[in-house]
Amino acid sequence: MKLRLVSTRCACIPSHVPAPALLLLLAVCSAAPAAAADDAQPVFTRVAPSVVTVIAEVDGGTASGQGSGVVVSRGHVATNCHVVRDADRLKVQHGAAELSARWVKADRSRDLCVLAVDGLQAPSVRIRSLATVLPGERVHAVGNPLGFGLAVTSGLVSHFPTVDGERLILSSAAQSPGSSGGGLFDAEGRLVGLTTSVFSAGQNLNLALPADWINELADRSVAPPPPSDVPAAEPQWIADAVALGAAARWGELESHARRWISAQPTSARAHQELARATVRLGRPKDAEPALREALRLDEHSAESWRVLAMTLYETGRHAEAEQALARAEALQPGDASVAAARAHWLLKADDARAALSNIERALAFDPFSYGYWNLLGSIRRALGDSDAAQRAFQTALDLNQNSEEARNALARLLAEAGRADEAHRALATGRGDARTDAPTWLALGITDYNRQRYAAAEDAFRKAVAADPGFAEGWEKLGMTLARTLRDDELATVLERALELDPTLFEARLERAALRARRGNAAGAVADARQLTELAPEEPRAWRTLAIHSTAAQDLRTAAAAYRRVDTLGKAGVDDLADLGDLLDKLGDRNGALDAYARAERIDPRHSRMLGNLASLHGRNGDLDKSLAYLDRALVSDPRNANALSSKAYILLLRGQPAAAVSILEQAVLYDPKLANAWINLGHAHLRNRDVGRAIPALEKALALAPQALDAQLYLAQAYLGIRDAAKARAYAETILARQPELPVALGIATLANLMTGDSQRATLAFARLLAKDPKTANNIRAQAVAAGLPGATALPSP
């Protein structure tokens with residue numbers, strides 16, 4: 001029986017059925033009652049694992065059709081032959097799996113085929129005999145209509161028409177293109193038939209092949225013919241090798257060359273391509289035997305001699321390499337690649353001038369090789385001719401916009417020339433997936449950093465370390481950018497990474513020393529500074545850093561020695577000499593300090609900090625007039641110098657002018673709110689003015705800035721004692737005594753505060769220590785306590 005398509009490929013009905021029979025079929029279908037769906041879902045759930053999608057492909061992978069199939073035994077699927085008959089290749093989809101298939105049995109007269117599917121793990125269906133199926137019985141069609149996935153439709157068995165002597169099944173279970181080969185199941189999930197044809201003309205008439213026919217295939221089927229033994233076409237050995245080399249697919253070229261040698265062992269070109277691939281894969285020693293064999297087969301191959309020369313050069317045998325290259329040149333005098341190879345070697349040997357003449361010769365032979373223009377750019381750069389190098393790399397990029405070497409080199413040169421915007425435009429050329437190397441991003445970032453475009457610089461440095469996570473300098477420069485944008489938390493991690501990769505990075509260690517100092521780790525800052533002096537003993541910044549951090553750590557001798565080293569290197573500026581003078585003064589070397597200040601004054605007589613330090617020197621030596629004169633000179637140079645203002649106010653305090661001191665100190669803390677010394681002096685001045693209410697906030701501010709400031713704690717203890725807040729006065733006194741147990745002033749405050757709180761025992765203990773240390777001060781404290789009528793005052797022992 002042959003079926004012809006009536007409306008679609010998967011919707012078939014015999015066109016030769018007599019008109020009365022067709023009308024009868026239509027009448028039967030129209031009389032069928034509407035199908036309920038209450039039992040469709042259980043049937044679908046039971047049989048769906050046994051229903052697959054069949055895909056037919058032609059022309060090496062183009063889909064030509066799709067249908068359905070039913071698993072009828074282990075690894076075997078029944079479907080319609082018209083689904084698979086024109087396919088070059090068959091696939092079966094089962095769930096997420098896509099498996100290869102081939103037809104193994106076919107009864108084309110009945111349009112019934114069986115496929116073998118490798119690796120199919122699916123249950124097979126039970127087959128029900130057609131003789132037991134009755135008209136009006138409920139059936140369910142399961143397949144993949146229209147390719148949207150497995151679906152179920154339900155209907156009734158309408159009739160069993162006989163066509164060409166074969167009894168078929170007619171049902172009202174709807175079908176669509178793609179359903180062909182699917183299953184028609186009864187209410188128990190048994191296979192009644194295979195859905196095969198659709199005819200739509202107001203009513204659905206759907207034909208199915210009886211499932212019985214599957215059991216009859218053993219006697220009726222035809223096996224597929226054996227595959228024709230047509231010899232495969234000879235591979236295009238040379239063309240394929242050229243294409244693989246042009247695409248830089250060196251691993252594939254190696255495999256291709258080995259197959260070529262196996263097929264044609266006497267091909268010199270095959271051995272030559274094998275050598276070329278292994279050289280590019282970084283195995284020059286493996287290349288030499290292949291090249292020697294190529295030259296044994298054809299000693300006049302200039303290309304084999306050239307590749308042998310490159311191989312010998314890579315293995316360090318430069319004299320032999322030059323001999324091989326000369327042989328290649330003799331065989332082919334106009335070979336541009338020979339001149340280019342020699343130019344490359346000369347550049348590596350730091351003979352850029354000789355390399356230039358060779359690459360120019362190569363370009364005369366082949367001016368359209370972008371690789372030669374790249375080499376010319378590198379040579380021009382080595383010669384210091386940046387403009388000519390840029391032109392060469394631009395030409396290479398014009399010849400091949402996808403040349404990453406040219407794009408990166410051009411962008412790097414532009415960035416180094418400070419032309420960051422042009423560098424970014426250069427990087428925008430080429431493919432969207434073009435790779436920019438880490439050194440190029442570094443050069444761009446440095447340019448933006450130097451222009452204080454820190455956001456752009458940070459982006460470039462991040463791209464540098466993303467391109468090469470082991471690029472220590474990229475991490476270092478990223479850290480410098482984070483330091484300028486005050487992001488210390490991330491900065492710590494970045495600097496640790498940089499120094500882990502390269503402990504000799506100067507800038508990274510310099511930044512880490514500063515970071516450690518900001519975080520209160522003075523010892524760590526000094527340790528980093530010492531390493532800087534070991535890394536770069538002739539670098540004044542290293543010694544200056546050691547001096548600064550040693551000063552903060554109160555190691556004045558080390559700091560002074562470090563500044564002297566800066567001076568010995570001939571790099572001492574006025575700041576260095578001013579700081580050196582201050583350190584020498586504090587160490588008791590007044591003459592050395594005056595010498596340093598004199599030299600600084602000769603460099604810049606208006607230098608504000610130097611003048612302030614000179615004022616401190618004379619103040620410590622009791623010459624308040626000279627100290628004040630230097631402070632006034634410092635304030636002429638810098639009227640907003642908070643340190644100078646604070647020192648001037650302190651001298652006024654010493655001279656009994658607290659009101660004038662307050663006015664000056666209020667200016668000082670306005671100009672520098674973080675200067676603890678100015679806040680201490682302001683609190684002291686308010687105390688001297690008997691303005692305790694204003695003294696306490698100033699001193700609390702000072703203590704917040706400098707928690708260990710002993711003078712701030714002492715003035716606060718006195719202030720709280722003055723407003724009779726004995727508890728706070730005693731707390732500050734005890735804090736001081738924990739550091740200086742015999743300080744008379746603190747012992748006196750502790751005595752009075754304890755008497756105020758009624759703690760006579762603690763008062764007596766503090767007073768006894770004071771009496772032993774300073775009887776005169778003890779007598780004054782006892783007199784004050786008795787005069788104030790403090791409980792227990794009279795019980796204090798008399799001096």
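## Exercises on strand pairs and helix pairs

Strands β6 and β7 form a hairpin with 2 residues between them, and Gly 95 in the turn has a positive phi of about 65 degrees. The model is predicted: local features need pLDDT of at least 70, side-chain atom pairs count only at pLDDT 80 or more, and totals for chains, interfaces and linings use all residues. Residues are numbered from 1 along each chain as its sequence is written, and side-chain values use heavy atoms, with hydrogens and water left out.

**Exercise 1.** Describe how β7 pairs with β6 and with β8.

*Solution.*
1. Strands are DSSP runs of E with at least two residues, and helices are runs of H or I with at least four, both numbered from the N terminus. Two strands pair if DSSP finds at least two bridges between them.
2. β6 (residues 89-94) and β7 (residues 97-107) run antiparallel and are joined by 5 bridges. In this pair, Val 92 stands opposite Leu 99 of β7.
3. On to the next strand: 6 bridges join β7 to β8 (residues 112-117), again in an antiparallel arrangement. Here Asp 107 stands opposite Leu 112 in β8.
4. The hairpin of β7 and β8 has 4 residues between the strands, and Asp 111 in its turn has a positive phi of about 60 degrees.

**Exercise 2.** Find how α17 and α18 are oriented to each other, and list the residues that meet.

*Solution.*
1. α17 (residues 420-427) and α18 (residues 438-450) pack at an angle of about 150 degrees, with axes 10 Å apart. Axes are lines fitted to C-alpha atoms, for helices over the stretch in contact, and angles run from 0 to 180 degrees between N-to-C directions.
2. Angles under 35 degrees count as roughly parallel, over 145 as roughly antiparallel, 65 to 115 as roughly perpendicular and the rest as oblique. α17 and α18 are therefore roughly antiparallel.
3. Contact means heavy atoms within 4.5 Å. From α17, Ala 420, Ala 423, His 424 and Leu 427 meet Thr 440, Trp 441, Leu 444, Thr 447 and Asp 448 of α18.

**Exercise 3.** Find how α32 is oriented to α33, and name some residues in the contact.

*Solution.*
1. The axes of α32 (residues 676-688) and α33 (residues 692-705) come within 8 Å and cross at roughly 160 degrees.
2. This makes α32 roughly antiparallel to α33.
3. The contact includes Trp 679 and Ile 680 of α32, and Ala 698 and Leu 699 of α33.
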